[in-house]
Amino acid sequence: MPNKKKPQVTAAAKPAAAAAQARRRELLDTAAEVFAEQGYNATTVRKIADHAGMLAGSLYYHFDSKESMLEEILSSFLDELWSGYDAVLEAELGPRETLEALVTESFREIDRHRAAVAIYQKENRQLVAQERFAFLADSQRKFEKAWLSTLERGVVAGVFRSDLDVRLTYRFVRDTVWVAASWYRPGGQHTPEEIARQYLSMVLDGIAVRT
């Protein structure tokens with residue numbers, strides 16, 4: 001019985017595939033900006049197509065619905081977030097160093113996925129009720145566990161105050177970090193790392209002059 005030959009990818013097909021992938025990424029970036037600005041419910045496929053400079057029918061060549069676009073936007077953001085977070089958690093740093101690294105990685109993700117973060121903040125409660133977006137709730141539980149365990153480890157080690165309310169602290173840090181997506185613009189005056197350093201200085205050391 002003759003062996004079946006695998007289809008060959010021609011040299012001409014590779015640039016075409018790369019161009020198609022790049023175009024898909026551009027469309028997702030456009031959709032993310034529209035979702036973030038106008039809200040998921042108010043955004044139609046036609047609005048996304050208009051911003052992308054194409055007909056709505058042409059957008060369906062790449063995506064079957066706005067739901068599939070949003071799912072890919074959020075899952076891509078969270079996959080990259082957890083790639084960075086897992087690297088921090090697996091490094092077995094001290095609790096303060098872990099906290100600093102998680103905050104820094106968070107600001108880097110805002111820099112890379114500002115629109116996706118804004119969408120997540122605005123739409124999370126509505127979306128987690130849908131089976132298609134169940135991965136959001138899974139990520140949230142994992143996120144909370146990572147931060148709470150870091151804070152608790154710091155209290156036990158005597159690095160953070162013994163009277164620290166770790167859950168309240170977690171909520172404060174979570175909300176004050178991610179709200180930056182509402183004002184941060186990539187390529188601005190400050191890098192994500194510089195913003196993280198300033199933020200950590202305020203949280204860990206305060207803003208009053210020590211006497």
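Tutor: Let's start with H7, where Leu-136, Ser-139, Phe-143, Ala-146, Trp-147, Leu-148, Thr-150, Leu-151 and Gly-154 are buried. Before we go on: this is a predicted model, where local features need pLDDT of at least 70, side-chain atom pairs count only at pLDDT 80 or more, and totals for chains, interfaces and linings use all residues. Residues are numbered from 1 along each chain as its sequence is written, and side-chain values use heavy atoms, leaving out hydrogens and water.

Student: Why is Ser-139 called buried?

Tutor: Buried means under 20% relative accessible area, exposed means over 50%, and partly exposed is in between (1.4 Å probe, protein chains only). Ser-139 has a relative accessible area of 9%, so it counts as buried. Leaving aside neighbours within four places in sequence, Ser-139 is in contact (heavy atoms within 4.5 Å) with Leu-78 and Trp-82.

Student: And Gln-140, why does that one count as partly exposed?

Tutor: Its relative accessibility is 22%, so Gln-140 lands in the partly exposed class. Gln-140 also sits in helix H7, and, leaving aside neighbours within four places in sequence, it touches Tyr-120, Tyr-170 and Arg-174.

Student: Why is H7 called oblique to H8?

Tutor: The axes of H7 (residues 134-156) and H8 (residues 166-178) come within 10 Å and cross at roughly 125°. Those axes are lines fitted to C-alpha atoms, for helices over the stretch in contact, with angles from 0 to 180 degrees between N-to-C directions. Under 35 degrees is roughly parallel, over 145 roughly antiparallel, 65 to 115 roughly perpendicular, and the rest oblique. That puts H7 oblique to H8.

Student: Which residues of H7 and H8 meet there?

Tutor: On the H7 side they include Phe-143, Trp-147, Leu-151 and Val-155, and on the H8 side they include Val-166, Tyr-170, Val-173 and Trp-178. By class, the contact has 9 nonpolar, 2 polar and 4 charged residues. Here Ala, Val, Leu, Ile, Met, Phe, Trp, Tyr, Cys and Pro are nonpolar, Asp, Glu, Lys and Arg are charged, and the others, Gly among them, are polar.

Student: What makes H4 and H6 roughly perpendicular?

Tutor: They pack at about 115°, with their axes 11 Å apart. That angle makes H4 roughly perpendicular to H6. Leu-70, Ile-73, Leu-74 and Phe-77 in H4 meet Ala-116, Val-117, Ile-119, Tyr-120 and Leu-127 in H6. By class, that contact has 9 nonpolar, no polar and no charged residues.

Student: Which helices do the buried residues of H7 pack against?

Tutor: H4 (66-90), H5 (95-112), H6 (114-127) and H8. The buried residues of H5, for their part, pack against H4, H6, H7, H8 and H9 (192-205).

Key: Helix = DSSP H or I, 4+ residues; strand = E, 2+ residues; numbered from the N terminus.
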